[in-house]
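Hi there,

Here is the model I promised to pass on. Please have a look at it first, and my notes follow below.

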Amino acid sequence: MKAKEIRELGSEELAVKLRELRAELAGLRIKHRSTDGIEAPARLHSIRKDIARLLTIQKEKEAK
């Protein structure tokens with residue numbers, strides 16, 4: 001997700017998206033540690049970056 005797209009979301013939508021990404025990250029971490037592995041390990045990195053962007057923009061909105 002791009003920062004511009006995230007800024008267009010409301011505070012409720014940000015919270016929902018953050019929960020979804022955290023759940024997806026947890027699932028991918030479990031799969032990654034299992035014997036099966038995951039198809040796209042780079043997805044872990046991109047999800048962590050998206051979570052960081054969401055949190056940053058959420059804090060910006062709270063500061064206003």
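Throughout these notes, contact means heavy atoms within 4.5 Å. Bear in mind that this is a predicted model, where local features need pLDDT of at least 70, side-chain atom pairs count only at pLDDT 80 or more, and totals for chains, interfaces and linings use all residues. Residues are numbered from 1 along each chain as its sequence is written, and side-chain values use heavy atoms, with hydrogens and water left out.

Two more conventions before the findings. Helices (H or I, at least four residues) and strands (E, at least two) are DSSP runs, numbered from the N terminus. I call a residue buried when its relative accessible area is under 20%, exposed when it is over 50%, and partly exposed in between (1.4 Å probe, protein chains only).

**The helix pair**

Let me start with α2 and α3. Their axes are 10 Å apart and the packing angle is about 155 degrees; axes here are lines fitted to C-alpha atoms, for helices over the stretch in contact, and angles run from 0 to 180 degrees between N-to-C directions. The two helices, α2 and α3, are therefore roughly antiparallel. For that label, angles under 35 degrees count as roughly parallel, over 145 as roughly antiparallel, 65 to 115 as roughly perpendicular and the rest as oblique. The α2 and α3 crossing is left-handed, a term used if the near helix is turned anticlockwise from the far one by less than a right angle, with right-handed for clockwise.

Which residues meet across this pair? From α2, the list includes L14, L18, L21, E24 and L25, and from α3 it includes R43, I47, D50, I51 and L54.

**The nonpolar core**

A nonpolar core is a set of buried Ala, Val, Leu, Ile, Met, Phe, Trp, Tyr and Cys residues joined through side-chain atoms within 4.5 Å. The largest one has 13 residues, and I47, I51 and L54 touch the most other members. Both α2 and α3 supply at least two residues each to this core.

With sequence neighbours within four places left aside, L54 is in contact with I6, L14, K17, L18 and L21. L25 sits in helix α2 and is buried, at a relative accessible area of 8%. Not counting residues up to four places away in sequence, L25 touches L44, I47, R48 and I51. L25 and I51 are 26 residues apart along the chain, and their C-alpha atoms are separated by 9.5 Å.

A15 is also a residue of helix α2, but A15 is partly exposed at 23% relative accessibility.

**The loop**

Where does I38 lie? I38 is found in the loop between α2 and α3. Its relative accessible area is 17%, so I38 counts as buried. Beyond its neighbours within four places in sequence, I38 is in contact with L28, K31, H32 and L44. I38 and K61 are 23 residues apart in sequence and 35 Å apart in space, C-alpha to C-alpha.

**Salt bridges**

How many salt bridges are there? Taking a side-chain nitrogen of Lys or Arg within 4 Å of a carboxyl oxygen of Asp or Glu as the rule, the count comes to 3.

- R7 and E60 form a salt bridge, 3.2 Å from N to O. This pair links distant parts of the chain, 53 residues apart, with R7 in helix α1 (residues 3-7) and E60 in helix α3 (residues 42-63). R7 is partly exposed at 45%, and E60 is partly exposed at 34%.
- E24 and R43 form another salt bridge, their closest N and O atoms being 3.1 Å apart. Here E24 in helix α2 (residues 11-33) is linked to R43 in helix α3, 19 residues apart. E24 is partly exposed at 32%, as is R43 at 31%.
- D50 and R53 also meet in a salt bridge, at 2.8 Å from N to O. D50 and R53 both belong to helix α3 and are 3 residues apart, about one turn of the helix. D50 is buried at 8%, whereas R53 is partly exposed at 33%.
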